[in-house]
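Biologist: I'd like to learn how to read a model like this, one feature at a time. Can we start with how strands pair up?

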Amino acid sequence: MADGFAQSVKQQADIVRIVGEYVRLTKGGAQSFKGLCPFHKEKTPSFNVQAVQQFYHCFGCGQSGDVFTFVQKMENISFPEAVRTVAQKCGIPLPKREFSSPEEAQASRLRSKLLEIHEQACLYFEEQLQGPEAARAREYLTGRGLTAEAITAFRIGYAPDSYSTMRDRFQSGFEEEVLRGSGLFSAKEQAEGGSGTMYARFRKRITFPIRNEAGRVIAFTARALDNDEKAGPKYLNSPETPLYTKGHVLFNLDKAKQAIRQFEFALLVEGQMDCISVYMAGITNVLATSGTAFTEAQVRLLARHTRQVVVNFDPDTAGANAAEKSIALLIEEGFSVKVVTLEGGLDPDRYVRERGTPAYIAALRGARRHSDYLIERARTLFPPVTPDAKVKALNFLLPHMQHIPSRIARDEFAADAAQKLSIDSALLRQELKQAAFARRADVRPKSSSALGWSEAEKLLLRALMLPAGQPARELARQRMTEEPSLYEGLAASALLSAFLEAETISNPFDLAPDESSRHLLAAVLMNGGQEIQTQQVEDAFHSLRHSRLERRQRELRRSLAEAELRNDSATVQELMTEKMALDRVLRDG
Ligand SMILES: [Zn+2]
């Protein structure tokens, strides 16, 4: 690419406007703007853009450069591609294309062909939706409350029930490499090395294009029209391609980003249908994670536009779990998060359709702080009426508290939780500290086994903390009483005997005899929560018996070696007998 062209683009491009498309900038000085750096994690802006000298610099991570370097890094593209991208953004006509290497030219050519085939496919599906075969698809969409306007805006289409129609149509316009690379077709590979015939991946499905931040179609998600087994999965997505990486895209970001900046928050929903309904109702700052918990890549993508999120996932268990995971990730990245729970157990799509936009906006206004939501959820999952349930509720909340980067916010959360779960708040703060310690310790590989903190001991501790009468607890108490030698000398033995002695455990930390027991107990509480089967208790004792025998075996080897050195044949004989018996037991399990 001619340097002259790059120079001319640079002169015409305004770095503040171009960077502003990726990073939310606010005026910092007379000629400078600042925002949160897109190249490193930060909570206060240290990323600066100079309007006069036309460069950016981050005081946090030291990255700096001009408009081209910026676009190159953000889009992960080469310099010539960055020049072209900036030129396009500024409406400057492009000269004929040149590349620095044949590979680069090839990759770039494939990318643009893939974009083209996706655009063509999108048009094709849209056209098919108007055809006679798509009557049922249209009926379904109407039934889901999608207007013609929504269908046009989101470019919803229909993939016909045919293996070959789409292929035949596209084969003339695109090379085999592009057809294969697009993910729009599948190929049955033939056994004898020859290339198999290609067929349409999406058949008899309603298609929703997935667009990148620039609004280009890069993949599809397609819903089966039939529910039977033959129809395959309910939703089928494009595979990963040079254009599309799963978990790196936020559905509707291209349409929503303007409004997200304007309203200074993003509304996060689970499904595409939710997203479309809410968007069409006029709430345009809405994004969908597409049915899963947030990924780190998505969080970083969103962080370029806002640090405030309102989460409105489905009220079912899967939705609640996805919401919890997403909240944890967002909080860790310094986002402020609020959560909406809709009345009547409705998802956003149905709520908007049944109750109307004003009601939904009212619900959004009533969004609760994420800490309030989580405390409420802990109270629902483990009603804090018994000491044991309080421990469980606490156990549920502790990891979330730890994710909060700000100490003040963390303490506030802890104080609220203490109050609402009726736990002594000083104690809770103490446990939070211990848990933080345990988490740091957990980062080191195998730290728990280095401490002799075996899975069996952890399980027994958890079993003993169950409410009286629970089969797993009673079995553990019985076995421990029968075979006290089994847990003697273990890292947890002091805790285990304290737990065995206590009739009820209101606060397990009260029973921890020393500092290290407290750390270990915190680690157990962090990971507990699931039910315990009596079989697991039996297995734990089995493994304790086994490891006791192994300890004895090691002792025997040492003693044997010593006895042999001393030429003490009587002792050798005695030890050998024991060792052989022991070997047999260990071998037979
Ligand atoms: Zn930085």
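Modeller: Two strands pair if DSSP finds at least two bridges between them, and strands (E, at least two residues) and helices (H or I, at least four) are DSSP runs numbered from the N terminus. Here strand 3 and strand 4 (residues 55-58) are antiparallel partners, with 4 bridges. Phe 47 sits opposite Cys 58 in strand 4. This is a predicted model, where local features need pLDDT of at least 70 and side-chain atom pairs count only at pLDDT 80 or more, while totals for chains, interfaces and linings use all residues. Residues are numbered from 1 along each chain as its sequence is written.

Biologist: How many residues lie between strand 3 and strand 4 in the hairpin?

Modeller: There are 4 residues between them, and Gln 54 in the turn has a positive phi of about 60°. Strand 3 also has antiparallel strand 2 (residues 32-35) as a partner, again through 4 bridges. There, Ser 32 has Gln 50 as its bridge partner.

Biologist: Which residues of strand 3 are on the covered face, and which on the uncovered one?

Modeller: For cover, count neighbours: a residue is buried if 20 or more other C-beta atoms lie within 10 Å of its own, exposed if 12 or fewer, and partly exposed in between, with C-beta atoms placed from the backbone. In strand 3 (residues 47-50), Phe 47 and Val 49 form the covered face, whereas Asn 48 and Gln 50 form the uncovered one.

Biologist: And helices? How many residues of helix 4 are buried?

Modeller: An α-helix has 3.6 residues a turn, so residues three or four places apart point the same way. Helix 4 (residues 79-89) is mostly covered, with 8 of its 11 residues buried. Among them are Pro 80, Val 83 and Val 86. After the helix comes Gly 91, with a positive phi near 70°.

Biologist: Why does Ala 463 count as buried?

Modeller: Ala 463 is buried because it has 25 C-beta neighbours inside 10 Å. It belongs to helix 21 (residues 455-464). Leaving aside neighbours within four places in sequence, Ala 463 contacts Ala 472, Arg 473, Ala 476, Ile 532 and Val 537. Ala 463 and Arg 473 are 10 residues apart in sequence, yet 4.9 Å apart C-alpha to C-alpha.

Biologist: What kind of pairing does the open sheet of 5 strands have?

Modeller: Mixed, in the order 13-12-14-15-16. Strand 13 (286-288) and strand 16 (368-369) each have a single partner strand, so one side of each lacks a neighbour in the sheet. Strand 14 (residues 308-312) and strand 15 (residues 336-339) run parallel, joined by 4 bridges.

Notes
Contact = placed C-beta atoms within 7 Å.
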